[in-house]
Each structure stands twice: as structure tokens, then as C-alpha cells.
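Dear colleague,

Please find below the sequence and structure that I am handing over to you. My notes on what was found follow directly after.

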Amino acid sequence: MEQLDETDKIILRILQKDAKKTAKEIASQLKLTTSPVYDRIRRLEGLGFIKKYVAILDKNLINKSVTSICQVSMRYHNEAFIENFEQEIQKLEEVQECYHLAGQVDFVLKIHVNSLEEYHDFIKYKLSKIENIGVLNSTFVLKEIKHSSEFYI
């Protein structure tokens with residue numbers, strides 16, 4: 001794997017904060033010319049350091065203000081059940097993140113909905129329909145203290 005030099009890291013930090021920054025703006029900030037910065041960005045994309053560019057939405061303005069962290073424990077832990085769960089969870093638009101864990105809980109889901117009633121319906125008509133779920137444990141976010149999509153590099 002190719003190593004990142006300090007300029008690459010600075011470019012990645014800048015783009016994590018604002019992916020709309022142009023190569024020209026980044027070059028100006030780094031006191032470099034535009035072409036090498038543009039080339040570095042394309043190289044970082046090509047190497048997979050930059051996976052994609054996204055817009056981060058305000059969950060309150062799009063009516064997804066209720067956030068739940070849902071812990072899922074499976075009844076049986078064979079490969080077929082785990083793969084089925086992973087495939088089915090991909091289909092659920094309410095699920096923003098899903099992590100397969102080691103320990104007492106098998107999966108943790110981050111779910112966004114508009115209301116507790118919508119969450120109830122999500123659990124009753126969607127999530128609980130996935131085969132082999134043993135225990136669901138839901139907690140609800142009261143206040144978001146820190147939210148970042150940036151990695152420290």
C-alpha cells in the first residue's frame with residue numbers, strides 16, 4: 001500500500017471538511033500550483049483513499065430527527081443466517097449504519113426515522129421480519145454531542 005506524505009494528508013483533511021473545495025482553492029491554501037494538487041487528488045481517488053463525495057444532510061430538516069441505536073442478537077450464528085441478515089439489512093433505508101460485532105451483541109444498527117410511531121412500525125413490519133433475530137434492544141439518542149465523518153490522519 002502506498003504511503004501518504006504530509007501534503008496528501010493535508011489534502012485529505014481539507015476535503016474531509018469540505019469536499020466542494022476545488023484543486024485551485026486547495027493549491028492556494030497549500031501555496032502550490034493547481035496541476036500537482038489536482039493530480040494528487042485523482043491519485044488519492046484512484047488508490048481508494050477517497051471512496052466518494054457526499055452531502056451531509058440536516059436530519060431535522062428532512063424529518064429524520066429520531067435516532068435509535070439498536071442492538072441485535074441472533075439466535076443461531078451459522079454463516080447462512082449471518083449472510084442473510086447482512087443482505088436484508090442493506091434493503092432497509094432507515095438503517096444508516098450497521099456493524100457486525102464480537103461479544104454479547106451480534107450487530108449494532110444506527111436508525112433514523114421521523115417519530116417513535118414510525119420506529120415502532122419499522123421494528124414491527126421490517127426489522128423483526130428478518131429471520132433468526134433473537135433479541136432487539138433499542139436505545140434512543142436524546143442529544144447529539146459530536147457527529148463527524150472525518151478521520152484523524
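Two strands are taken to pair if DSSP finds at least two bridges between them, and the helices (H or I, at least four residues) and strands (E, at least two) are themselves DSSP runs, numbered from the N terminus. This is a predicted model, in which local features need pLDDT of at least 70 and side-chain atom pairs count only at pLDDT 80 or more, while totals for chains, interfaces and linings use all residues. Residues are numbered from 1 along each chain as its sequence is written, and side-chain values use heavy atoms, with hydrogens and water left out.

I begin with the sheet. In the hairpin of strand 2 and strand 3, which has 6 residues between the strands, Gly 103 adopts a positive phi near 130 degrees. These two strands run antiparallel and are joined by 5 bridges, and Cys 98 has Leu 109 in strand 3 as its bridge partner. The open sheet is made of 4 strands in the order 2-3-1-4, with antiparallel pairing. Strand 2 and strand 4 stand at the edges with a single partner strand each, so one side of each is left without a neighbour in the sheet. On average, neighbouring strands of this sheet are turned by 20 degrees against each other, direction ignored (the axes are lines fitted to C-alpha atoms, for helices over the stretch in contact, and angles run from 0 to 180 degrees between N-to-C directions). Strand 1 (residues 66–74) and strand 4 are antiparallel and joined by 7 bridges, and Gln 71 has Asn 137 in strand 4 as its bridge partner.

Next comes helix 4. Its buried residues (buried means under 20% relative accessible area, exposed over 50%, partly exposed in between, with a 1.4 Å probe and protein chains only) are Phe 81, Ile 82, Phe 85 and Ile 89. These residues cover an arc of only 100 degrees around the axis, which puts them on the same side of helix 4, the arc being that of the directions from the helix axis to the C-beta atoms. They pack against strand 1, strand 2, strand 3 and strand 4 (contact means heavy atoms within 4.5 Å), whereas the face turned away from the buried side carries the exposed residues Glu 79, Ala 80, Gln 87 and Gln 90.

In helix 1, the buried residues are Asp 8, Ile 11, Leu 12, Ile 14 and Leu 15. Seen down the axis of helix 1, they fall within an arc of 160 degrees, so they line one face of the helix. Their cover includes helix 2 and helix 3.

Finally, some loop residues may interest you. Glu 94, in the loop between helix 4 (79–90) and strand 2 (95–100), is buried, with a relative accessible area of 14%, and its side chain makes a polar contact of 2.6 Å with that of Lys 126 (a polar contact is a pair of N or O atoms within 3.5 Å; within protein, one must be able to donate a hydrogen and the other to accept it, and residues adjacent in sequence count only if both atoms are side-chain atoms). Asn 132 has a positive phi near 85 degrees and is buried at 2% relative accessibility, whereas Lys 31, with a positive phi near 60 degrees, is exposed at 73% relative accessible area.
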